Amino acid sequence: MNRPLRRLSAVVAFLFFALFASTTWIQFLRAGELNAMPGNSRQLYAEFGRERGPILVGAGQAVAASVEVEDPDDPYRFLRQYPAGPVYAPVTGYYSVRYGTAGIERAVNDVLSGTADELFYRRLADLLTGEDPVGASVTLTLDPEVQQAAWDALDGRKGAVVAVEPSTGDVLAMVSSPTYDPDVLATHDAAAAEQAWQALIADEDDPLVNRAVDALYPPGSTFKLITAAAALESGDYTTDTSVAGPRELDLPQTDNTLSNDEGTACGPNDQVSLLDALRISCNTAFGQLGLDLGAGTLDAQARAFGFEQPLSTPLPVAESQFPEDAAGPLLAYAGIGQGDVRVTPLQVAMVSAAIANGGVVMEPNLVANVREAKTLDVIAEPAPQEVGRAVSADTADALQEMMRAVVESGTGTRAQVDGAVVGGKTGTAQRGEGQVPYAWFTSWARDEEGDDREVAVAVVIEDGGSVDSAYGGRLSAPVAKQVMQAALDG
Amino acid sequence: MATVLPVYPTTRRNVELVLVVAAVLISCGAWAVVGLTEDGSLPGGLFAHGGGLGALAVVLHLLLRWRAPHADPVLLPVATLLNGMGLVMLHRLDLSEGTSAASRQFIWSALGIAAAGAVVVVLRDHRVLRRYTFTAMVTGLVLLALPLLPVLGKEINGARIWVGIGPLSFQPGEIAKIVLAVFFAGYLVVHRDALSLTGPKVLFLRLPRARDLGPILLAWAVSVGVLVLQRDLGTSLLFFGLFVAVLYVATERVSWIVIGLGLFVAGAVFAATTMSHVRSRVDIWLHPFDADNADSAYQLLQGLYGMASGGLLGTGLDRGRPDIVPFANSDFIYASFGEELGLAGLFALLLLYAVLVERGMRTAIGVRDGFGKLLAAGLAFSVALQVFVVVGGVTRVIPLTGLTTPFLAAGGSSLVSNWIVVALLLRVSDLARRPAAEVRNGPEPGDTGVTQAVRIP
């Protein structure tokens, strides 16, 4: 009977071989494919089983942090919490089991989750020592006092506020309203999260949109800064150059006219200096300047300030647009920031910042540093990056003088800050007939004692009241003032 | 010219002791890792369970020294390690699921090892079992039929293979496996000549006479009965496979395998087309990723995902989520090991099974009596087939059925019966490895050193 026994042994060997093969097939050859299956919740469990690094502001204040769940029935080990809630929501974004990530949570996910390449050696060490891997902590450039001031000043009105440091591009405040509480999406209670999500996406005011970087607005008169910059850069104009500022500007190719807000001419004999034209926000003068300079020149100037460039803070920023082929009436409208010009509030703040920074545009940045979670060693600290030079130092000086005039005696007097030099520009961007215009204000401020403290701000308010009262100077300048004050005090 | 040389038989009992200690230490180490990962301290049950398992295994080892000194030295350590690792995984899953399966399993382990010890001590010679061939048949059929009785039988998770008395549940099929192996061996060793030498030859096959077909048809009918009445695919497959294998070994005729496979395929096709639960198992096996099967294939898929997440080296004990898989500590304990110990750990476990089966087959080859050969081969093959059916089900080699993973899975009946299988293999191997002179004269206790065996080269 030994011969069939040996054959039976061979059958047994074959059976085991099949098991070795099938096990290898699953655990090794097809493991990647199985791990990526849409119905496989293990990746989520693994992700939520790792301690995600916190998002910090200021001196270690957490605006997003993971806490270990006590409830043994909860399948996920760590819950993401947002102690400051909606104040920072547009920046932090959310980290949801069901709805994924947004904001900084998405933009630097690999660092927070601990899967970034920079953290490879830490992971290796954790593997060998058996420690639970922990994500790195990310400190934002946001200044908690400036952020809070911006939030308080906007006071729940629909709009956005951005403050940046001109010399570095560091974003000091970024507020968007209406917004949401990230905790309601981060909850592990699937039903509650779904209810909150449905309510948020059904809301017509788009609370999930970070208006500071994702929304594109017509810039209104704040664009006159770029038109003025292009004029000064052309060499044909100085702040004193007289330009035409009639009551109405006849637009080429149509019967339409462009008029000033007050319905009067901007100066005697329909003439006005470039400085005064900006100070009182003369539409006809800048409409004419737009026509004189041409779409190509304006477009090039806008690009030099950062338009039509992919920016990453590392939050992705929508690209601001200038209609480079605008002509005729549209070109005149473009010169005063109407028509098809579109900007993000961050881009507007960058214009003021570049002017305050002697003409050099800095890349806007939200991440101050990345620290290893256990040792607090700094892993990465982004250095200030120049986007490029937008205007010459002389032009920047001239623009600063013009912007100071706006705040001292022009449309932006409500933005004056005690003990500080402030330059600004108002904007009132018309939407359709009967719709409340967007109220803009952008400015920079410098401590009078000259201790290098500087800030540049952009404010947009979408629904600031009646059709008539939505002047940027009236609504938005006071918001900018409070933000600048907070930044200079800090 | 033949040279006569004295051979001093080596019993290898010391090797066995070293291996048993190693098996216990590995299990204790794994148990400690679970505790250290869970809360940074050595778990409370480490001494009780690890030490207890070690003490039981050493007692069985001492019984072998006393009553079966020539038994195979590898079987006991392998069974101890598998049992120990099973306890570790149950303990680890207890922590996640808030159950207490490990403590219960430990009690069953003690009972199983005690049963094995009893077999070794009481059963001095396996050939005694041959006298009980037909008692074994009747017992086996009764055990198989027990779950069908109205009061005793219990249906759990759709399979009616349990007997319950009060809070205790037992799967009589597990014991039936052993009794039927005894019956098959006893019956076939008597009838092998009739079954193998007569009958017409067709092509290259010598077919059996029609009247000799009786036993195989009966075995087939019983396994189909199990399948239909108890809805237990795994046990049905196990019995029929066991019978065909032993039949083939007894008769050396390939025709029996062909007939057996033919009957099996016919039965399988019939079941797959007419019985809804079998059809659904096959459907899940073939199309686990279909959206239509999302609910029914959930367990299989979660098992696959768990194994995939383990990768080559696994997440480490207590670092994965094997508790996501339904029945992670019984039907899917293989996937639980795969997730936390990785491909490397599963290979180690499969190799342990392979070694266990290989030692059993070697015992069958080595033992001189036909009954012993058939018994050892049947028992060893039943372990191999059981591992194949359950692991193959989890890894999609075959449709998923409800068999337990020997020694690892939670379940007292299975653990006790597998320890008895090991004890029987130990008993047979003692005779297989005993020097010829001793076999003739019978063992003389305390006199092994001077017994002389002769070997003629």
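**Close-up 1. Helix α6 of chain B, with its kink at His191(B).** In this predicted model, helix α6 of chain B covers residues 172-197, 26 residues in total. From its first C-alpha to its last, α6(B) reaches 36 Å, close to the 38 Å expected at 1.5 Å a residue. Look for His191(B), where a kink of about 60° is centred. α6(B) is mostly covered, with 19 of its 26 residues buried. After the helix comes Gly199(B), which has a positive phi near 110°.

**Close-up 2. The largest nonpolar core, with residues from chains A and B.** This core holds 143 residues. Those touching the most other members are Phe16(A), Leu188(B), Leu374(B), Leu375(B) and Trp419(B). Helix α13 of chain B (residues 370-394) supplies the largest share of this core, 17 residues. Which residues does Leu374(B) contact, leaving aside its neighbours within four places in sequence? They are Met1(A) from chain A, and Ala185(B), Leu188(B), Val189(B), Val246(B), Val249(B) and Ala250(B) from chain B. A second, separate core has 113 residues, including Tyr94(A), Leu293(A), Val317(A) and Phe322(A). In soluble globular proteins, nonpolar side chains tend to be buried together.

**Close-up 3. An open sheet of five strands in chain A.** Follow the strands in the order β8-β7-β21-β20-β19, with antiparallel pairing. At the edges stand β8 (171-177) and β19 (420-429) of chain A, each with a single partner strand, so one side of each has no neighbour in the sheet. Ignoring direction, neighbouring strands are turned by 10° against each other on average.

**Close-up 4. Strand β7 of chain A and its two partners, β8(A) and β21(A).** Six of the six residues of β7(A) are buried, so the strand is largely enclosed by the rest of the structure. Both of its faces are covered: one carries Gly159(A), Val161(A) and Ala163(A), the other Ala160(A), Val162(A) and Val164(A), all of them buried. Six bridges link β7(A) to β8(A) in the antiparallel sense, and here Val164(A) stands opposite Val171(A). The hairpin of these two strands has six residues between them, and Gly169(A) in this hairpin takes a positive phi near 85°. The pairing of β7(A) with β21(A) is also antiparallel, over six bridges, and places Val162(A) opposite Ala458(A).

**Close-up 5. Strand β20 of chain A, paired with β19(A) and β21(A).** Is β20(A) largely enclosed or left open? Nine of its 10 residues are buried, so the rest of the structure largely encloses this strand. β20(A), residues 438-447, runs antiparallel to β19(A), and 10 bridges join the pair.

Conventions: Residues numbered from 1 in each chain as written. Chains lettered and ligands numbered in written order. Predicted model: local features only at pLDDT ≥ 70, side-chain atom pairs only at ≥ 80, totals over all residues. Heavy atoms only, no water. Core = buried A, V, L, I, M, F, W, Y, C linked by side-chain atoms within 4.5 Å. Buried < 20%, exposed > 50% of the residue type's maximum accessible area, 1.4 Å probe, protein only. Helix = DSSP H or I, 4+ residues; strand = E, 2+ residues; numbered from the N terminus. Contact = heavy atoms within 4.5 Å. Pairing = 2+ DSSP bridges. Axes fitted to C-alpha atoms, helices over the stretch in contact; angles between N-to-C directions. Expected span 1.5 Å × (residues − 1). Bend = angle between axes of the 7 residues up to and from the residue.
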